[in-house]
Amino acid sequence: TKRFIPVLAACLFLMVGTAQAAPPLHSPSRYQGGKPLMQTLSGRATNRSFTAKPLSDKLLGDLLWAAYGVNRPTERTIPTAQNRQDLEIYVLRSDGAWLYDAPKHSLEQVSSSDLRNFLAGQ
């Protein structure tokens, strides 16, 4: 039943979606820059105030790749139970909802509605 709810939500997105050109995702800067791991972990903090300024396409691409990108022919950047790789990442923007296609490192529009208010809370 838990798996059914996200699938139903994805189907609903697809039914109301309209085809539109996906915003470009730049190739992830996988092996460049960044802080050392221990410094990054020690600086981790929760932030509950957000800016209305949209993420740059480069930063969005890097975040999506880090969250669930493809870093080897059959592997993702994060492990999944029994290597099922059954996660989906959606990006909600003012111009609609977009599904992250990790193998293509691109976004596919699944809704043209601004759905951000549905998830504006926690």
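Student: Where does histidine 105 lie?

Tutor: Histidine 105 lies in the loop between β4 and β5, where helices are DSSP runs of H or I with at least four residues, strands are runs of E with at least two, and both are numbered from the N terminus. This is a predicted model, in which local features need pLDDT of at least 70 and side-chain atom pairs count only at pLDDT 80 or more, while totals for chains, interfaces and linings use all residues. Residues are numbered from 1 along each chain as its sequence is written, and side-chain values use heavy atoms, with hydrogens and water left out.

Student: Why does histidine 105 count as buried?

Tutor: The relative accessibility of histidine 105 is 12%, and buried means under 20% relative accessible area, exposed means over 50%, and partly exposed covers what is in between (1.4 Å probe, protein chains only); therefore histidine 105 is buried. Its phi is near 45 degrees, a positive value in a residue other than glycine, and the background is that most residues other than glycine have a negative phi.

Student: How many helices and strands does the protein have, and what pattern do they follow along the sequence?

Tutor: There are three helices and five strands, and they follow the pattern α-α-α-β-β-β-β-β. Buried residues make up 22% of the 122 residues.

Student: What makes the pairing of lysine 58 with aspartate 62 a salt bridge?

Tutor: A salt bridge is a side-chain nitrogen of Lys or Arg within 4 Å of a carboxyl oxygen of Asp or Glu, and here the N to O distance is 3.1 Å, so the pair qualifies. Both residues lie in helix α3 (residues 57-68), four residues apart, about one turn of the helix, and lysine 58 is partly exposed because its relative accessibility is 40%. In general, side chains of opposite charge can pair when their charged atoms come close.

Student: How many salt bridges are counted by this rule, and how do you know that arginine 93 and aspartate 95 form one of them?

Tutor: The count comes to three. For arginine 93 and aspartate 95 the closest N and O atoms are 3.2 Å apart, which is within the cut-off and therefore makes a salt bridge. Arginine 93, with a relative accessible area of 24%, is partly exposed, as is aspartate 95 with 28%. Aspartate 114 and arginine 116 form a salt bridge as well, with their closest N and O atoms 2.8 Å apart; aspartate 114 is partly exposed at 36%, and arginine 116 is partly exposed at 39%.

Student: What makes glutamine 109 buried, and which backbone oxygens does its side chain contact?

Tutor: Glutamine 109, placed in strand β5 (residues 106-111), has a relative accessible area of 9%, so it is buried. A polar atom of its side chain lies 2.9 Å from the backbone oxygen of aspartate 95, and its side chain reaches the backbone oxygen of serine 111 at 3.1 Å. A polar contact is a pair of N or O atoms within 3.5 Å, where, within protein, one must be able to donate a hydrogen and the other to accept it, and residues adjacent in sequence count only if both atoms are side-chain atoms; so both pairs are polar contacts.

Student: Why is arginine 76 said to sit over the ring of tyrosine 68?

Tutor: A charge sits over a ring if NZ of Lys or CZ of Arg is within 6 Å of the ring centre and within 35 degrees of the ring normal. The charged end of arginine 76 sits over the ring of tyrosine 68, 4.1 Å from its centre.
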